[in-house]
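Student: I would like to learn how to read the features of a structure. Please take them one at a time.

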Amino acid sequence: MSISASPPAPSPLLTAAPVPSWAGRVAAATLWASAPSALWRLAVVLGVPLGLAQSEYDSMLIPGWGYLVVPLLSVFQEALAFLTLGLVRPWGEVWPRWIPGLGGRRIPVYAAVVPAAVGALACTIYGVLFTWTTLHADMEITRWGEWLMNLCYVPLVAWGPLLAVVTVHYYRRRTQGSGG
């Protein structure tokens with residue numbers, strides 16, 4: 001009589017294959033690329049003088065709903081950027097134990113790759129279009145305020161391509177030698 005044992009649960013501390021240091025740095029760079037614009041928006045809400053005219057605050061609904069929406073946008077943006085780290089960390093390969101029915105099981109490669117690829121495309125489009133719009137907007141803002149805002153928003157252009165690089169690496173690392 002043979003007893004079939006289930007395969008051992010993957011270690012929550014190790015990735016399926018080693019992650020090269022460059023991939024970890026690229027994943028971390030997504031956080032750094034998205035952080036300046038998030039911090040700029042938080043500064044707007046906190047009342048830090050950024051060279052904006054009152055009409056610009058009015059368009060952001062500040063005072064008003066903007067005090068809620070603008071920080072939530074920043075938190076949401078950084079949370080999405082943070083998810084990129086899952087592509088180079090063990091928690092991006094194994095479902096957390098607290099998820100009923102899935103906890104401790106391997107995350108299917110495509111369950112991570114498809115959303116990450118869509119995210120990379122969306123971030124690339126968002127970064128380019130938003131930065132283009134910001135650089136060419138007819139805003140009521142001082143020259144130094146415009147320079148500061150541009151300095152904070154231009155790094156968004158890198159977010160999508162960085163995410164794409166890490167996504168391809170994740171796919172290759174997770175499927176190497178496994179047949180898909």
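Predicted model: local features only at pLDDT ≥ 70, side-chain atom pairs only at ≥ 80, totals over all residues.

Student: Is Leu61 buried or exposed, or something in between?

Tutor: Buried means under 20% relative accessible area, exposed means over 50%, and partly exposed is in between (1.4 Å probe, protein chains only). Leu61 has a relative accessible area of 47%, so Leu61 is partly exposed. Its place is in the loop between helix H2 (54-59) and helix H3 (66-83). Helices here are DSSP runs (H or I, at least four residues), numbered from the N terminus.

Student: What is a salt bridge, and how many does the structure hold?

Tutor: The term stands for a side-chain nitrogen of Lys or Arg within 4 Å of a carboxyl oxygen of Asp or Glu. The search of the whole structure finds two. In one, the side chains of Arg173 and Glu93 meet at 2.5 Å, N to O. Arg173 lies in helix H6 and Glu93 in the loop between H3 and H4, so this pair ties together parts that are 80 residues apart in sequence. Both Arg173 and Glu93 are buried. Arg106 and Glu93 also meet in a salt bridge, at 3.5 Å, N to O. Arg106 is partly exposed, at 37% relative accessible area.

Student: How are aromatic pairs described?

Tutor: By the distance of the centres and the angle of the planes. Rings of Phe, Tyr and Trp (its six-membered ring) pair if their centres lie within 6.5 Å; planes under 30 degrees apart count as stacked, over 60 as edge-to-face and the rest as tilted. The structure holds five aromatic pairs. Tyr110 and Tyr171 form a tilted one, 5.9 Å centre to centre with 50° between the planes. Tyr110 lies in helix H4 and Tyr171 in helix H6, so the pair ties together parts that are 61 residues apart in sequence. Phe130 and Tyr153 form another tilted pair, with 5.1 Å centre to centre and 40° between the planes. Trp40, Tyr126, Phe130 and Tyr153 form one aromatic cluster.

Student: Which residues of helix H5 are buried, and which are exposed?

Tutor: In H5 (residues 143-153), the buried residues are Gly145, Met149, Asn150, Cys152 and Tyr153. Seen down the axis of H5, they fall within an arc of 160°, so they line one face of the helix. The arc is that of the directions from the helix axis to the C-beta atoms. On the other side of H5, Arg143, Trp147 and Leu151 are exposed.

Student: What do the buried residues of H5 pack against?

Tutor: They pack against helix H1 (21-46), helix H4 (109-135) and helix H6 (156-175), where contact means heavy atoms within 4.5 Å.

Methods. Residues numbered from 1 in each chain as written. Heavy atoms only, no water. Helix = DSSP H or I, 4+ residues; strand = E, 2+ residues; numbered from the N terminus.
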